[in-house]
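Okay, hi everyone, thanks for making time.

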Amino acid sequence: MRIAQDFLGMPHALMNRIRDKQCEVLIQSGAGSQCEGSLQDLEQTLCSITMEKSTLTLLPDIRKTPYANLANNIDNAAFSIRSYIGIPIEIRGTLYGSLVFSSPEVRIPDHFNKAEIEFIQLFSEWLNSKVHEWELDQSLKLQQKLAKAISHAQEKFIHGQGKSKGFHGLLHDILDLSGCEFGFIGEVLEDKAAKPYLATFAIEFISNTPNQPTPQTTSANSNITIEDLDPAFISSIHTNTTTVLNAIGEESEHKLRLPTGRKIQNFLGIPIHYN
C-alpha cells in the first residue's frame, strides 16, 4: 500500500470491508490517528460510491462533485479529504469492500493520468487475488480451530470432568474461536412463582486493555434473572434459532452491554438441545 501511496502521491490509504451496511476499516496506512477496526455507516462514507457503482472511483477535487458532503462527514482533521481514489475489492465475484487512497490536497492538474490509472487497475487485480488468498488462509485456520475446539469439548465430557468444568472449557473454546469477549452457557428454569430465570453453567469475560500484554480471563458461576437481560440474550431460546446481530448501532433497539459497561457491537446466541 505504501508503494502505491508513493506512486500516486496520496498520503492516506485504507482497506475497508463492508459488513451489514457498515464500513469497517481493516488496514490503515499513512499518518494520522489510527482507525483500524472502526465502523461507520456505509451511506455516510465515500466508500458507498465505489460500492454502489462497483467500479473505479476517481475524484481529483471532491468539492467539484456531488459527494462533497460525504467528505465533510469526516471529523478528524488528520483525514481531511480533497482528492480520492476508490477501488472495489471482489472475492469470487462478490463485492467484499474497497481500497481507498486519499489526500488533503486537490489533485494538480485536476485529473489522474493514463499511467496512474493503469497502475491502479493492475494494483486492484493484484489486491483482489491477495485478499482471496488471505480469505482462504483464514478459512483454513478457522476450520482447524473449530476441529480442535470440538475435540477438546468431547474429551472433557467423555472423561467425565463434570458439567461445570466441561461447560467452562466449551465456553472458553467458543470465545476463542469466535473472537468474542464475553459469553455464558445456561439453562432457563422457573422459580416457585413460575418466573423464568437463567441458571448459568459457565460465564466468562475476556478483558483486553492497552496496559495488559495478554488478555485477562475471568470465569464465574452465578444465576442471572431473565428480567435483567436484553431480549436478544434469550431470543435464541424463544425462537429456537441461532441469533446473529452484527454492527449493532446506537440507534438499534438492542442496548446490549458487557459487564464493564462497554457497548456490544456483535452478538451471537445459539440454542442448545438436550434429548
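Let's start with one side chain. Lys130 has 37% relative accessibility, so it counts as partly exposed. Keep in mind that this is a predicted model, so every value I mention is computed from that model.

Which residue does Lys130 meet in a salt bridge? That's Glu133, and the N to O distance is 3.6 Å. Glu133 is partly exposed as well, at a relative accessible area of 45%. Both sit in helix α4, and because they are 3 residues apart there, about one helical turn separates them.

Lys145 pairs with Asp176, and their closest N and O atoms are 3.9 Å apart. Lys145 is in helix α4 while Asp176 is in helix α5, residues 163-178, so this pair ties together parts that lie 31 residues apart in sequence. How accessible are these two? Lys145 is partly exposed at 35%, and Asp176 is partly exposed at 47%.

Within it, the side chains of Arg17 and Glu24 meet at 2.8 Å, N to O. Is Glu24 buried or exposed? It's buried, with a relative accessible area of 10%. Arg17 comes out at 22%, which counts as partly exposed, because the cut-off for buried is under 20%. In total, the count is 7 salt bridges.

Okay, on to the rings. There are 6 aromatic pairs in the structure. One of them is Phe123 with Trp126: the centres are 5.6 Å apart, the planes make an angle of 40 degrees, and the pair is tilted. Why "tilted"? Because under 30 degrees would be stacked and over 60 would be edge-to-face, and the rest is tilted. Here we're back in helix α4, which covers residues 114-158, with Phe123 and Trp126 3 residues apart, about one turn of the helix. Phe123 is buried at 14% relative accessible area, whereas Trp126 is partly exposed at 45%. These two also belong to an aromatic cluster, together with Phe7, Phe101 and Phe119.

Next, the strands, and I'd like you to find β5, residues 83-91. How many of its 9 residues are buried? The answer is 8, so β5 is largely enclosed by the rest of the structure. On one hand, β5 pairs with β4, residues 57-59, through 3 bridges, and the two run antiparallel. There, Leu59 stands opposite Tyr84 of β5. On the other hand, β5 is joined to β6, residues 94-103, by 9 bridges, again antiparallel.

Let me finish with the whole chain. It has 6 helices and 12 strands, and 38% of its 275 residues are buried. Of the contacts with a separation of 6 or more, 51% are between residues 24 or more positions apart. And the accessible surface is about 16,600 Å², with 53% of that belonging to carbon and sulfur atoms.

That's me done, happy to take questions.

Terms used:
Residues numbered from 1 in each chain as written. Predicted model: local features only at pLDDT ≥ 70, side-chain atom pairs only at ≥ 80, totals over all residues. Heavy atoms only, no water. Phe/Tyr/Trp six-rings, centres within 6.5 Å; stacked < 30°, edge-to-face > 60°. Helix = DSSP H or I, 4+ residues; strand = E, 2+ residues; numbered from the N terminus. Buried < 20%, exposed > 50% of the residue type's maximum accessible area, 1.4 Å probe, protein only. Pairing = 2+ DSSP bridges. Contact = heavy atoms within 4.5 Å. Areas by Shrake-Rupley, 256 points an atom, 1.4 Å probe, with all protein chains shown as cover. Salt bridge = Lys/Arg side-chain N within 4 Å of Asp/Glu carboxyl O.
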